[in-house]
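Subject: Structure handover

Hi,

Here is the structure I promised to pass on.

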Amino acid sequence: MSLPFEQLELRRFIEQVPSMPTALHVVNPFTGEVDRRYAYHGPEDTLERVTQLKMRQREWALLSVAERVERVAKALDYFEQHADVIAQDISCQMGRPVHQARGEIQGLLERGRYMCTIAEATLAAESLPTKQGFDRSIHHAPYGLIYVISAWNYPLLITVNSIVPALIAGNTVLLKHARQTTEIGHHFARAFASVFTAPVLENVVITHELSEALIRNGCVDHVVFTGSVAAGQRILAQCADSVMAPHLELGGKDGVYVDGSVNVSEAAENVVEGACYNAGQSCCGIERAYVHESVYKAFIVEAERRLSAYRLGDPQHPDTTMGPLAIASNAETMVKQVEAACAAGARCVSGGRVLTIENGTFFQPTLLVDVPREALVLKEENFGPILAVVPVSGVDEAIAEINASELGLTSVIYTTDLAQAESFFQRVQTGTVFMNRCDYLDPALPWTGFKKSGCGSALSRFGFYSVTQRKAKHFRLCQV
């Protein structure tokens with residue numbers, strides 16, 4: 001059992017966090033210049049914030065759900081009021097074209113406001129059938145202080161998925177945003193500071209070592225993490241010391257089946273966008289396409305035409321449709337996968353190379369065809385604009401290939417046959433199954449992963465259940 005936070009000795013805690021750097025420099029991935037400098041929060045400062053958040057949580061949880069919804073909704077208005085500045089910060093810190101970054105703000109508002117509309121009904125106590133002499137009900141109790149470790153690839157959407165339900169449910173939030181998009185963490189802090197005199201959300205800039213110490217020592221009551229499988233496994237091990245079950249949203253190796261009944265041009269357009277949007281830096285981006293042999297050649301022609309239309313360059317320019325990689329070193333994984341696939345017999349129809357534009361590292365939108373089934377590009381996540389295409393004889397073969405992955409975030413079927421889509425849905429092992437669309441989160445549906453893609457759910461009513469714990473009321477009303 002973890003040591004209660006109140007008994008934690010500060011000196012012993014500080015000793016767990018060696019060699020603290022003084023500042024974090026966030027570099028613009030296109031210009032190569034330092035975009036912002038941030039002072040790191042040290043152990044003492046961080047623990048003080050934790051202490052304050054725990055104290056505020058007790059008062060915050062006493063408010064009604066309706067009161068909490070009203071205040072959270074007001075805080076969300078900040079993002080609409082500061083949309084241009086926030087879009088610029090996203091573009092400068094992770095490289096997405098600024099006109100596309102504006103769309104993420106609309107997505108944040110859609111998700112956050114939807115969660116506000118369902119909160120009261122979802123968090124209401126659930127009464128059980130009447131049992132004479134007893135009062136029985138199920139309640140959704142806040143954990144307390146929730147530690148949200150967010151990601152850089154969709155810095156607004158990923159963060160809003162967890163903090164809105166967490167706060168509405170009566171928790172307070174300690175937010176650690178990815179180092180690449182540190183400024184977005186500060187925007188969330190400003191949004192809630194604009195509504196609360198004593199904020200219920202604090203953003204911290206801390207090292208991995210300090211983050212690990214917070215979790216291992218039971219300083220937080222629940223963890224929500226978005227990132228790679230390897231990082232998620234480390235978080236899981238850290239939570240074990242405090243007997244916490246974290247909410248993990250991890251990687252994807254999402255596959256699509258295109259059958260012979262579809263409009264090939266429209267299917268190719270959708271699949272290519274699903275593979276290349278955000279420079280392919282999406283956990284639910286399409287990386288594998290299994291195409292029915294009857295339309296295989298036509299699909300390749302259409303996909304190549306659309307891949308070649310992308311314009312790589314300055315994310316500030318309105319004509320740019322693909323910006324630089326947020327993390328330049330990720331290009332090494334992409335090169336490795338493409339070269340290994342071609343060495344095994346695949347053909348690179350377009351792209352496949354790293355480009356340098358100004359000081360930005362880009363990876364060309366890439367189409368690999370005739371890819372051998374054992375190729376790494378069909379097995380390991382690359383987080384880049386690579387579409388690997390394989391011909392299949394039918395839906396059974398496609399399902400077998402999609403299910404062969406250790407990851408199970410989303411899958412897609414393009415078809416006009418609804419019965420076939422229903423069968424695909426029943427048999428494929430992914431948290432979301434799309435028909436005739438991809439790479440979109442509907443806030444009314446749970447966002448969850450099968451297998452190593454994670455555990456827990458965001459969005460929908462299940463997003464509230466991931467940030468609360470069940471509390472049973474079992475009153476015997478008769479005299480004893």
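The largest cavity is lined by 13 residues, and those nearest its centre are Ile158, Asn161, Ser162, Val224 and Thr226. (A cavity here is a set of points on a 1 Å grid over the protein atoms alone where a 1.4 Å probe fits but cannot get out, and lining residues have an atom within 4 Å of a point.) Helix α6 gives the most to that lining, with 4 residues, and β5 (145–149), β8 (222–226) and β9 (247–249) are also among the elements giving two or more. Helices are DSSP runs of H or I with at least four residues, strands are E runs of at least two, and both are numbered from the N terminus. The volume is about 70 Å³, meaning the space filled by probe spheres set on the grid points, which are joined across faces, edges and corners.

Before I go on: this is a predicted model, so local features need pLDDT of at least 70 and side-chain atom pairs count only at pLDDT 80 or more, while totals for chains, interfaces and linings use all residues. Residues are numbered from 1 along each chain as its sequence is written, and side-chain values use heavy atoms, with hydrogens and water left out.

In total there are 4 cavities of 30 Å³ or more.

Now the second largest pocket (a pocket is an open set of points with protein on both sides within 12 Å along at least five of seven lines). About 590 Å³ of space lies in it. Of its 25 lining residues, Tyr154, Leu157, Tyr277, Asp439 and Tyr440 lie nearest the centre. Helix α5 supplies the largest share of this lining, 6 residues.

Last, the cores. A nonpolar core is a set of buried Ala, Val, Leu, Ile, Met, Phe, Trp, Tyr and Cys residues joined through side-chain atoms within 4.5 Å, and buried means under 20% relative accessible area (1.4 Å probe, protein chains only). The largest one has 56 residues, and Val258, Phe299, Val371, Val377, Leu387, Val389 and Tyr414 touch the most other members. Its largest share, 7 residues, comes from helix α10 (residues 264–276). Apart from this core lies another of 54 residues, with Ala87, Ile146, Ala189 and Val224 among them.

Cheers

Conventions. Buried means under 20% relative accessible area, exposed over 50%, partly exposed in between (1.4 Å probe, protein chains only).
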